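Work through the following exercises with the sequence and the model at hand. Each task is followed by a solution in steps.

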Amino acid sequence: MSERTWMNATPDTTEPEDLPVRSQREHVWCLNRKHRMALANGGSGHHHGLGLAKQVCARCWTRRQPRAVWLVIDHRSPMPAEQADQPDDRRAKILVVARRPAVRAGVGRLEVRVRGAVVAVADVQLCGVDHRGVVRHIQVYPTHRRRGFGTLLLDAAQARGPGYHWSTVQLAQTDDAQDFWAYQDSAEPLHLGEPHYCTHMREANGEWG
Ligand SMILES: [Zn+2]
Ligand SMILES: [Zn+2]
């Protein structure tokens with residue numbers, strides 16, 4: 001079957017808007033982590049209602065698995081919050097938005113906005129001098145969980161510092177948090193549960209002076 005045929009099997013008129021999401025990076029596995037995309041790539045299409053690309057795993061699709069189709073979100077070039085606050089009907093309806101930290105190496109914020117509403121946030125500290133990144137917090141609002149927004153934000157955070165040394169603060173001991181972190185297959189190595197702050201981050205956090 002050709003790539004076109006897979007996508008045509010999902011008519012745009014009945015297309016759900018609550019499809020799972022995924023970053024643009026080269027994923028080895030399909031969203032269900034069952035099939036290698038090199039073999040199972042069922043092609044890409046366009047979700048007209050959301051203005052986004054979508055991708056399908058041909059193997060999951062054939063087996064009628066959930067999460068066989070997902071939306072592809074630009075995670076590498078988040079939109080500045082000032083720009084995202086201005087209405088614009090032409091842009092994609094799911095966006096990663098960035099808020100700069102108030103001070104150098106301080107805590108910045110990445111958000112996922114669906115049709116303008118914030119559904120997930122990640123607080124991240126970055127230092128371009130020491131090439132370090134610390135993920136402070138990732139939160140997905142309860143009604144929007146299990147769609148991949150938290151994983152998208154981790155990819156968006158790490159895309160801000162490729163090759164950086166990445167760590168997280170102490171992980172929450174809730175089932176949701178443990179499930180989330182145990183599921184991750186991050187783009188960059190990630191040291192879990194102990195933040196490796198540099199001196200600039202410590203200063204921004206008010207630990208000195
Ligand atoms: Zn699959
Ligand atoms: Zn630093």
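Two strands pair if DSSP finds at least two bridges between them; helices (H or I, at least four residues) and strands (E, at least two) are DSSP runs, numbered from the N terminus. The model is predicted: local features need pLDDT of at least 70, side-chain atom pairs count only at pLDDT 80 or more, and totals for chains, interfaces and linings use all residues. Residues are numbered from 1 along each chain as its sequence is written, chains are lettered from A and ligands numbered from 1 in the order in which they are written, and side-chain values use heavy atoms, with hydrogens and water left out.

**Exercise 1. Identify the donors and the geometry of the zinc ion (ligand 2).**

Step 1. Donors are N, O and S atoms within 2.8 Å of the metal (3.2 Å for Na, K and Ca); water is not among the atoms, so sites may look incomplete. For the zinc ion (ligand 2) they are Cys 127 (SG), Asp 130 (OD), Cys 198 (SG) and His 200 (ND1), at 2.0 to 2.3 Å.

Step 2. Four donors count as tetrahedral if all angles lie between 85 and 135 degrees. The angles at the zinc ion (ligand 2) are 90 to 121°, so the arrangement is tetrahedral. The ideal angle for four tetrahedral donors is 109.5 degrees.

Step 3. Along the sequence, the donor residues of this ion follow C-x2-D-x67-C-x1-H.

Step 4. Buried means under 20% relative accessible area, exposed over 50%, partly exposed in between (1.4 Å probe, protein chains only). Cys 127 is buried because its relative accessibility is 4%, whereas Asp 130, at 34%, is partly exposed.

**Exercise 2. Which residues hold the zinc ion (ligand 1), and what is the geometry of its site?**

Step 1. The protein donors are Cys 30 (SG), His 35 (ND1), Cys 57 (SG) and Cys 60 (SG), 2.1 to 2.3 Å from the zinc ion (ligand 1).

Step 2. The angles among the four donor atoms are 100 to 114°, and the site is tetrahedral.

Step 3. The donor spacing along the chain is C-x4-H-x21-C-x2-C. His 35, in the loop between strand S1 (21-23) and helix H2 (37-40), and Cys 60, in helix H3 (residues 58-62), are 25 residues apart and link distant parts of the chain.

Step 4. Cys 30 has a relative accessible area of 0% and is therefore buried. Cys 57 is buried too, with 0%, and Cys 60 counts as buried at 1%.

Step 5. A disulfide is a pair of cysteine sulfur atoms within 2.5 Å. The whole structure contains zero disulfides.

**Exercise 3. Give the strand order of the two open sheets.**

Step 1. The sheet of four strands has the order S1-S4-S3-S2 and mixed pairing. S1 and strand S2 (41-47) are its edge strands, each pairing on one side only. From one strand to the next the twist averages 35°.

Step 2. In this sheet's order, S3 (residues 52-57) and S4 (residues 69-73) pair antiparallel over four bridges, with Lys 54 opposite Leu 71 of S4.

Step 3. The sheet of seven strands has the order S5-S6-S7-S8-S9-S10-S11, again with mixed pairing. Strand S5 (79-80) and strand S11 (190-191) each have a single partner strand, so one side of each lacks a neighbour in the sheet.

Step 4. S5 pairs with strand S6 (residues 94-99) in the parallel sense over two bridges; Pro 80 is opposite Ala 98 of S6. Helix H5 packs on this sheet, where contact means heavy atoms within 4.5 Å, and touches S6, strand S7 (107-114), S8, S9, S10 and S11.

How values were computed:
Four donors count as tetrahedral if all angles lie between 85 and 135 degrees; four count as square planar and six as octahedral if opposite donors are over 155 degrees apart and all others between 65 and 115; anything else is irregular. Axes are lines fitted to C-alpha atoms, for helices over the stretch in contact, and angles run from 0 to 180 degrees between N-to-C directions.
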